[in-house]
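Keep the view open and follow along.

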Amino acid sequence: MAVAIYRFARDLRLDDHAGLSAASAHGDIAPVLVVDRELESRLRSSPRRAAYFCSAAAALDAALRERGSALVVRRGEHAAELARLAAELGAAAVVWSASYDRAGIAADTELQAAIEERGARAIAVHDSPAIPPEESTAARSSAGEGYRAFAPYYDVWRELEPGSYEAPLLLSFVHSGGASERLPQPADFGSGDSVPAAGAPHARAKLEMFLRGPALQYSFAINAPVDDLTSHLSADLTFGTIAARTVVRETRNRMDDPFLLAEERASLRLFQRALAMRDFFLQLSWYNPQTSNGALQEKMRDFLFSQTHPLLDAWREGRTGFPIVDAGIRQLHATGWMHPRVRAIAASFLCFDLGVDWRVGMAEWERYLIEDDPALALGNWQWIAGVGADLAAYPRIYNPYKQARQFDPAGLYARKWIGELAHGRAGAHEGSAQIELPLGGAERYPRPVLDHDRAARDFLGRYQEFVTPAGGRRSNR
Ligand SMILES: Cc1cc2nc3c(=O)[nH]c(=O)nc-3n(C[C@H](O)[C@H](O)[C@H](O)COP(=O)(O)OP(=O)(O)OC[C@H]3O[C@@H](n4cnc5c(N)ncnc54)[C@H](O)[C@@H]3O)c2cc1C
């Protein structure tokens, strides 16, 4: 009986699985999870992420046990462990889901070499995006690798149909795939945190619930952080407890409902666009892995953001005195997630009001987010910092007062997450509808730590000097 090893990582499910489908062509599948140093460090960095991952891995193991199999867990260096296991089982192939960030792509290359050296086939499959990078690239009219701008990407993406691999019952798993170590536990990664139970059945139920109701109001949800009604599927997509292609397909099916109101259809379209954004950033990193260290835009490679700022800790702790920024940071600390609109506002504050490097912000949030997708974090941070795929002529500096007026007009989001403001009254503050600051008390909420207009003008001055230097040479060193 031929055996193929399937190595699970960010694809912890059996349904609609491109990797398992590819593995099944080479034999009965031995399902393997390797906890290596890289995975351990990413789980150690965020306790909630560790709790989510362990819960999702346990759910996958339970699903395999229902099929008479079980997850084979190994701890150690992934290429060596998988090569050893391939030899033990006489596996014809080792299959896994491709990575999109630079470290992951390098690890995949190393794994491929180790497996091929053993004489087995090494196969990395695009499972994470709904539309694999090569498919969107092949569909473009002009030559070149990948897309650097979202608009033309989206034009192509929305015409493509995601593949379908919905046949888990046809997959055949080996019953004993070699000796297993115990399943990972949150405590292995120093986490005492608990998160709502994770795994494929939960992700599926979340999607169904979302498409029944909230998705039809998504255009409002994206602008109303206090309602908290976006899909919250990011961690499920990161760890593959649901396939992005399943989410895209189900969203498109929902759009076929002839009895939708025009605004409900528009909401579903906007949600679909968000999913396309995910694929866009995955392909961006796939074709430009070098940008994990530097700006995507060549002209911005030498622009120097500061590595620190006297107010950096205030931003980190959610104590800038700008409620919409601080509420976002505190939501992240409390839940491991931040509303998408507020992410952009809080990130902009770091990059432009403080002039601090987007990499500092990315590393900071990495310690709290449950999501674990370096390619998506990178693309978004670079976009916000004006050094990535957003081709706006000038950096989009968000005014936190205006943003609060627009997206949290009654200050309810701020009051929800900032304890010191919980009992404040909505009122005028710095010329905008904001929270009236409670005076006195042990836990006083700070006044704004800087003058936004001045900070934004200072940054634009440095930016202008850099892109159109007086002496003709680009530098802000
Ligand atoms: C500075 C900054 C950093 C970010 N870092 C991350 C990150 O580390 N990991 C991450 O998954 N997302 C990141 N995002 C994108 C986005 O904010 C989150 O995916 C979203 O908040 C997740 O909430 P949701 O699942 O309710 O999203 P929804 O609005 O319901 O969207 C559905 C799904 O589409 C995808 N999506 C939506 N917007 C984006 C986007 N801009 N880029 C990529 N995918 C998107 C996500 O997978 C999301 O789960 C970041 C955005 C910004 C501005």
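**Around the ligand**

The shell around the ligand is made up of 14 nonpolar, six polar and four charged residues.

Which residues come closest to the ligand? Of the 24 residues that surround the ligand, the closest are Thr230, Ser231, Ser234, Pro340 and Ala377.

Now zoom out to the domains. Residues of the shell come from both domain 2 (128-162 + 200-287) and domain 3 (298-467), so the ligand lies between these two domains.

Next, turn to a pair of helices. Two packed helices are described by the angle between their axes and the distance between the axes. For helix H14 (residues 323-335) and helix H18 (residues 400-407), the axes come within 8 Å and cross at roughly 70°. An angle of 65 to 115 degrees counts as roughly perpendicular, and H14 and H18 are therefore roughly perpendicular to each other. On the H14 side, Pro323, Ile324 and Val325 make the contact, while H18 brings Pro400, Gln403, Ala404 and Phe407. By class, six of these residues are nonpolar, one is polar and none is charged.

One stretch calls for care. Over residues 426-433, pLDDT stays under 50, and the model has 17 contacts beyond four places in sequence for this stretch. Where pLDDT is low, the predicted coordinates should not be read in detail.

Methods
Residues numbered from 1 in each chain as written. Predicted model: local features only at pLDDT ≥ 70, side-chain atom pairs only at ≥ 80, totals over all residues. Axes fitted to C-alpha atoms, helices over the stretch in contact; angles between N-to-C directions. Helix = DSSP H or I, 4+ residues; strand = E, 2+ residues; numbered from the N terminus. Parallel < 35°, antiparallel > 145°, perpendicular 65-115°, else oblique. Contact = placed C-beta atoms within 7 Å. Nonpolar A, V, L, I, M, F, W, Y, C, P; charged D, E, K, R; others polar. Near = placed C-beta within 6 Å. Domains from an automatic or database assignment. pLDDT = per-residue confidence, 0-100.
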